[in-house]
Amino acid sequence: MAYPTDLAQQQLVTLPRASLAVLRAALLRDAGPGYASYLQEAGFAAGETMYAAFEAWLQAAGAAPVTSLGLTAFHAQLAAFFADSGWGHLRMRAVGDVLVRIEASDWSESDPSAGLDQPGCHWSAGMFADLLGRVAGGPLAAFEISCRSAGDPHCEWLVGSAEVLTFVYDRCSAGHALDEALAALA
């Protein structure tokens, strides 16, 4: 069920999906591979506002405040918030108590026609890191491991502490499969 979000009250604006794709393409063209940090920084700056909008959305829906939601309810409500906001449909899964996997088959930042050789939803990675860090009560990091912009069937991010993500990245770089690296966290 969609609940109205007062964009002006929440300091939000609407933006066509095509604008995100053009922005990414222009940054990649002009800044090269370092373009990702620009988008991540912008996304991270949006986390506080997105968190506030999520809290207001929960209140309008008559749901419990974010701090009162259990993990399953939180995942369901956050997924509904992003779907209602036009970002896409999320599926969130906890990996133990140290990591969250977020998957979306229709994420707005992605562009299946982009033909990127790496995942490209960097704004979302920054935003997820800040928003979920606010929920967790401490700093988190995020990186995208698959992306529709790079030809994958869905976008997927890992969100956790920088130490945990470094551990997973190092294991994968050493030749371990992602699921094997994640299993080593337990």
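**The sheet and its surroundings**

Guide: Strand β1 (residues 90–95) and strand β2 (residues 99–104) are paired in the antiparallel sense over 6 bridges, where strands are DSSP runs of E with at least two residues, helices are runs of H or I with at least four residues, and both are numbered from the N terminus; two strands count as paired if DSSP finds at least two bridges between them. This is a predicted model, in which local features need pLDDT of at least 70 and side-chain atom pairs count only at pLDDT 80 or more, while totals for chains, interfaces and linings use all residues. Residues are numbered from 1 along each chain as its sequence is written, and side-chain values use heavy atoms, with hydrogens and water left out.

Within the pairing of β1 with β2, L90 stands opposite A104 of β2, and the hairpin that these strands form has 3 residues between them, with G96 taking a positive phi near 60°.

Taken together, the 4 strands make an open sheet in the order β1-β2-β4-β3, with antiparallel pairing. Its edge strands are β1 and β3 (141–146), each of which pairs on one side only. Neighbouring strands of the sheet are turned by 20° against each other on average, direction ignored; such angles run from 0 to 180 degrees between N-to-C directions, and the axes are lines fitted to C-alpha atoms, for helices over the stretch in contact. Helix α5 (residues 162–173) packs on this sheet and touches β2, β3 and β4, its direction making about 130° with that of β4; contact means heavy atoms within 4.5 Å.

As for the setting of the sheet, the protein has 6 helices and 4 strands, which follow the pattern α-α-α-β-β-α-β-β-α-α along the sequence. Among contacts in the protein between residues at least 6 apart in sequence, 55% join residues at least 24 apart. Buried residues (under 20% relative accessible area with a 1.4 Å probe, protein chains only, against over 50% for exposed and in between for partly exposed) make up 40% of the 186 residues. The C-alpha atoms fill a box of roughly 45 × 40 × 25 Å, taken along the principal axes.
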